[in-house]
Amino acid sequence: MSQRVAAETGPPPKMVVVREFDEERDKTAVEEMERRCEIGPRGKRSLVTDLMGDPICRIRHFSSHVMLVAEYGEERRVVGVVRGCVKTVTRGKSMYVKVAYILGLRVCPAHRRLGIGTKLVQHIENWCQKNEVEYAYMATDSSNEPSINLFTKKCSYAKFRTPTVLVQPVHAHYKPISSSKTLILPLPPQLAQLVYRRIFANSEFFPKDIDKILMNKLNLGTFMAVPKKSDFKWNPSNNPLQLLPPTFAILSVWNTKDVFKLQVKGASPLTYAWCAGTRALDAHFPWLRFPSIPNVFKQFGVYFLYGLHMEGKQGLRLMKSLCALAHNMGRDDGGCAAVVAEVGHRDPVRDGVPHWTKFSWAEDLWCIKKFTRANHGDDWITSRLTSPVIFVDPRDF
């Protein structure tokens with residue numbers, strides 16, 4: 001997401017202490033500090049995030065994670081935070097590397113340009129090195145120059161990948177799925193992980209613990225779409241991997257609305273009235289399939305699509321059917337206002353994901369830094385890209 005990291009510039013602070021987050025001691029102070037960070041410019045729209053009383057919700061589902069806080073001054077006031085987690089992922093060519101993901105860097109607006117952000121990054125990097133990671137990476141909006149400068153110029157990160165974030169609003173009407181042409185099969189987690197390990201073996205950032213993701217309560221299911229009228233008969237119970245369907249699409253759905261909520265603030269009364277009018281029209285005349293805008297001016301959640309893959313001549317159509325299924329799942333869930341996917345900008349699956357360009361962003365910049373001598377013959381950062389496919393871990397979103 002575009003607000004995953006914040007940035008600062010300036011001289012190092014004289015009275016800053018960075019330590020590990022203590023929930024009993026720091027929870028209230030962290031929540032108040034992050035609320036101050038969420039306040040947008042007066043008269044402009046801003047997207048704010050509510051972590052629902054759980055400051056470590058974004059990293060809780062990783063077996064190895066940490067959250068650090070920065071205290072400032074004699075009063076030891078919490079003025080900054082950063083989060084990190086460790087996992088093992090593919091780097092292409094079926095090779096795995098141990099990486100750290102740095103996220104949630106925030107510094108209170110009144111204490112920016114004091115070097116606090118830099119100090120937080122340095123401390124989280126020390127934690128990464130203690131965990132013997134080979135690389136650390138972060139994500140931010142490609143237009144967030146202060147954040148990019150902090151990581152690339154001060155902390156020696158390299159610009160690495162630019163996946164695309166695709167956002168589809170959830171309308172009041174259901175999206176049609178041709179039952180005569182498409183058969184959608186729910187896959188149990190055990191089968192889904194076998195399929196995923198095969199098709200994403202040569203991708204980047206595919207997590208080794210995919211089984212834990214698929215078994216997580218936030219995972220709403222994995223679905224495969226195949227042509228209904230086909231001579232090929234796939235029996236996954238007898239032969240799950242040796243012969244996949246010649247044409248199919250697959251994806252999984254992650255429920256982020258039970259982790260955090262979003263809300264748009266600062267919209268004009270005219271914008272609010274227009275959006276409300278589209279919803280009313282769509283609700284009263286659903287057969288028109290009017291592209292209504294959900295109520296994003298109150299707290300809402302999103303469904304995140306991951307593990308998107310398609311093959312064969314009908315793969316594109318089948319992927320669109322799966323996206324329609326995810327939309328309809330969100331339509332039945334009153335708290336879901338959008339369906340979101342993040343894919344490599346040259347991944348062919350991108351063309352099969354319906355989205356609104358206005359709500360999406362073309363480049364979500366990932367920056368990376370090497371820490372230890374890699375166990376492979378070449379450096380991931382400088383080596384040639386072997387696959388356009390990036391597996392975006394739903395826990396990262």
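## Helix α1 and its cap

A side-chain oxygen of Asp-22 lies 3.2 Å from the backbone nitrogen of Glu-24, which caps the N-terminal end of α1. The model is predicted: local features need pLDDT of at least 70 and side-chain atom pairs count only at pLDDT 80 or more, while totals for chains, interfaces and linings use all residues. Residues are numbered from 1 along each chain as its sequence is written, and side-chain values use heavy atoms, with hydrogens and water left out.

Helices (H or I, at least four residues) and strands (E, at least two) are DSSP runs, numbered from the N terminus. Helix α1 covers residues 23-38; at 1.5 Å a residue its 16 residues should span 22 Å, which agrees with the 21 Å between its end C-alpha atoms. The expected span of a helix is 1.5 Å times one less than its number of residues. Asp-26, Val-30, Met-33, Glu-34, Cys-37 and Glu-38 are the buried residues of α1 (buried: under 20% relative accessible area; exposed: over 50%; partly exposed: in between; 1.4 Å probe, protein chains only). An α-helix has 3.6 residues a turn, so residues three or four places apart point the same way. The cover over the buried residues of α1 includes β1 (16-20), β2 (46-50), β3 (64-72), β4 (77-91) and β5 (96-107). Contact means heavy atoms within 4.5 Å.

Strands β1 and β3 run antiparallel and are joined by five bridges; two strands pair if DSSP finds at least two bridges between them. Arg-19 has Val-69 in β3 as its bridge partner.

On β3 and β4, nine bridges make an antiparallel pairing, in which Leu-68 stands opposite Val-82 of β4. The two strands form a hairpin with four residues between them, and Gly-73 in the turn has a positive phi of about 80 degrees.

Helix α2 (residues 116-130) has 15 residues, which at 1.5 Å a residue should span 21 Å; its end C-alpha atoms are 21 Å apart, in agreement. Its buried residues include Ile-116, Leu-120, Ile-124, Trp-127 and Cys-128. Among the elements that cover the buried residues of α2 are β1, β3, β4, β5, α3 (145-154) and β16 (364-370). Glu-132, which follows α2, has a positive phi near 55 degrees.

Asn-131 sits in the loop between α2 and β6 (135-141). A polar atom of its side chain lies 2.8 Å from the backbone oxygen of Trp-127. The side chain of Asn-131 also makes a polar contact with the side chain of Ser-64, at 3.5 Å. A polar contact is a pair of N or O atoms within 3.5 Å; within protein, one must be able to donate a hydrogen and the other to accept it, and residues adjacent in sequence count only if both atoms are side-chain atoms. Leaving aside residues up to four places away in sequence, Asn-131 touches Ser-64, Val-86 and Lys-98.

## The six-stranded sheet

An open sheet of six strands has the order β8-β15-β14-β12-β11-β9, with mixed pairing. Its edge strands, β8 (164-169) and β9 (182-187), each pair on one side only. On average, neighbouring strands of this sheet are turned by 25 degrees against each other, direction ignored.

Within the sheet, β11 (residues 219-227) and β12 (residues 248-255) pair in the antiparallel sense over six bridges, and Ala-225 stands opposite Ala-249 in β12. Helix α4 (residues 189-199) lies across β9, β11, β12 and β14 (301-311), at about 120 degrees to β12. Helix α7 (residues 315-332) packs on the sheet and touches β8, β9, β11, β12, β14 and β15 (336-343), its direction making about 25 degrees with that of β12. Axes are lines fitted to C-alpha atoms, for helices over the stretch in contact, and angles run from 0 to 180 degrees between N-to-C directions.
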